[in-house]
Amino acid sequence: MQAILFALAGFFSFTLMDLSIKWLLQSYPLMQVTFFNCFFALLGLLIWIYPRFELLKTKQPQIHLLRASIVLVVDLLAFYSYGQVPLAEAYTLILTMPLFTALFALLFRYEPLRPLALAVTFIGFSGVYLMLSPQFGHFHWALVAALLSAVIESVGFLLIRRHREQETPQAFAFYGLGLVTLVTGVVMMWSFKPMPLTDLGISIGGGACYALATALVITAFHRGSPIMVSSMQYSQLVWGAVLSFIIWHEMPSQRVLIGSLLITLAGLALLHSQKRAKSMSHTSQQPQH
């Protein structure tokens with residue numbers, strides 16, 4: 001129960017960060033908003049890691065460079081989508097990440113081929129088609145950006161999974177944020193707009209939420225079932241829809257509601273099937289008496 005509460009609090013903090021991004025993108029360039037958000041998040045992450053800086057030691061810098069490059073692309077695509085379409089729509093497509101992770105895990109043989117997993121994944125992708133197909137509603141390239149962020153993030157997730165025994169989650173988080181801060185900091189100098197204290201405070205708050213969310217979710221994964229913790233991510237659909245309606249009066253369309261329902265159900269069913277498969281595998285490995 002404690003792990004679930006940590007996960008819910010963490011994903012709620014991610015939603016607050018995303019709201020700050022969406023708010024600031026109304027007035028400032030994408031690179032500037034991303035830089036300040038990640039810079040303040042990086043400071044918060046250092047406070048969380050202190051004084052255990054040995055957690056950042058690595059023998060595989062190339063792995064962190066690759067993962068950090070993935071984080072850079074994922075953040076820019078996701079943040080761009082937040083500024084262009086209702087948050088609930090962007091979230092729905094970004095939360096297809098577990099479906100792509102499962103699909104790639106099957107293709108690269110990280111997981112055994114299970115017909116149920118394939119069927120559930122197909123249901124989820126039918127929700128994606130419903131949201132992206134122009135014949136069902138208004139098409140927007142920002143939705144494609146959100147979907148691409150999910151695809152690329154799933155590759156990054158598998159990369160972490162492959163090297164999680166050798167590298168700490170704190171190292172993956174720190175180096176990922178570090179590269180995003182460095183690159184966006186250099187690029188934003190050509191389009192920088194001065195920020196009043198109010199907007200700077202919003203950016204600081206968003207960065208703090210980013211760091212807090214990272215710490216809470218990592219803690220949740222350490223204390224509870226990874227499958228149960230992962231399923232809590234779908235709470236962001238609720239937080240995002242409610243808060244964006246309160247702030248911007250954004251109301252999801254019927255096709256978005258149906259598509260998000262299909263994607264959420266598919267994601268939860270996939271998580272449940274993984275839990276069941278692990279349970280059966282564990283039982284079969286126990287010695288028989």
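Are Glu250 and Lys22 buried or exposed? Glu250 is buried, and Lys22 is buried too. Buried stands for under 20% relative accessible area, exposed for over 50%, and partly exposed for values in between (1.4 Å probe, protein chains only).

This is a predicted model: local features need pLDDT of at least 70, side-chain atom pairs count only at pLDDT 80 or more, and totals for chains, interfaces and linings use all residues. Residues are numbered from 1 along each chain as its sequence is written, and side-chain values use heavy atoms, with hydrogens and water left out.

## The salt bridge

The side chains of Glu250 and Lys22 form a salt bridge, 3.2 Å from N to O. It links distant parts of the chain: Glu250 sits in the loop between H11 and helix H12 (254-285), Lys22 in helix H1 (residues 2-24), and 228 residues separate them. A search of the whole structure finds one salt bridge. The term requires a side-chain nitrogen of Lys or Arg within 4 Å of a carboxyl oxygen of Asp or Glu.

## Overall build

The chain has 12 helices and zero strands. Helices (H or I, at least four residues) and strands (E, at least two) are DSSP runs, numbered from the N terminus. Of the 289 residues in the chain, 49% are buried. The chain exposes about 14,800 Å², and carbon and sulfur atoms supply 70% of that area. Accessible areas come from the Shrake-Rupley method with a 1.4 Å probe; for residues, only the protein chains shown count as cover.

Contact means heavy atoms within 4.5 Å. Among contacts in the chain with a separation of 6 or more, 89% join residues 24 or more positions apart.

## The core

The largest nonpolar core holds 70 residues. Such a core is a set of buried Ala, Val, Leu, Ile, Met, Phe, Trp, Tyr and Cys residues joined through side-chain atoms within 4.5 Å. Phe14, Tyr82, Leu93, Leu177 and Tyr210 have the most contacts inside this core. Helix H2 (residues 30-49) gives the most to it, with nine residues. Setting aside residues up to four places away in sequence, Phe14 touches Tyr91, Tyr210, Ala213, Thr214, Val217 and Gln236.

Helix H4 (residues 87-94) is largely enclosed by the rest of the structure, because eight of its eight residues are buried. Among them are Glu89, Tyr91, Thr92 and Leu93.

Gln32 lies in helix H2. It counts as buried because its relative accessibility is 1%. Beyond its neighbours within four places in sequence, Gln32 contacts Met188, Ser191, Phe192, Lys193 and Met195. Thr184 is in helix H8 (residues 169-187). It counts as buried because its relative accessibility is 0%. With neighbours within four places again left aside, Thr184 contacts Met31, Thr34, Phe35, Leu72 and Leu76.

## Aromatic pairs

Rings of Phe, Tyr and Trp (its six-membered ring) pair if their centres lie within 6.5 Å; planes under 30 degrees apart count as stacked, over 60 as edge-to-face and the rest as tilted. The count comes to 13 aromatic pairs. One of them is Phe174 with Tyr175, an edge-to-face pair at 5.4 Å centre to centre, with 75 degrees between the planes. Ring pairs also link Phe35, Phe36, Phe39, Phe40 and Phe192 into a cluster.

## The surface and the loops

Trp23, Val238, Val242, Phe245, Ile246, Ile247 and Met251 form a nonpolar surface patch, with about 690 Å² of accessible area together. Patches are made of residues with over 30% relative accessible area and no salt bridge: like charges are joined within 9 Å, nonpolar side chains (Val, Leu, Ile, Met, Phe, Trp, Tyr) within 5 Å. Helix H11 (residues 235-248) supplies the largest share of the patch, five residues. Ile247 lies in H11.

His249 is found in the loop between H11 and H12. Its phi is near 60 degrees, a positive value in a residue other than glycine. Elsewhere, a cis peptide bond joins Tyr50 and Pro51, with omega about 0 degrees. Pro51 lies in the loop between H2 and helix H3 (61-84).

Accessibility values for some of the residues named above:

| Residue | Relative accessible area | Class |
|---|---|---|
| Phe174 | 17% | buried |
| Tyr175 | 28% | partly exposed |
| Ile247 | 37% | partly exposed |
| His249 | 61% | exposed |
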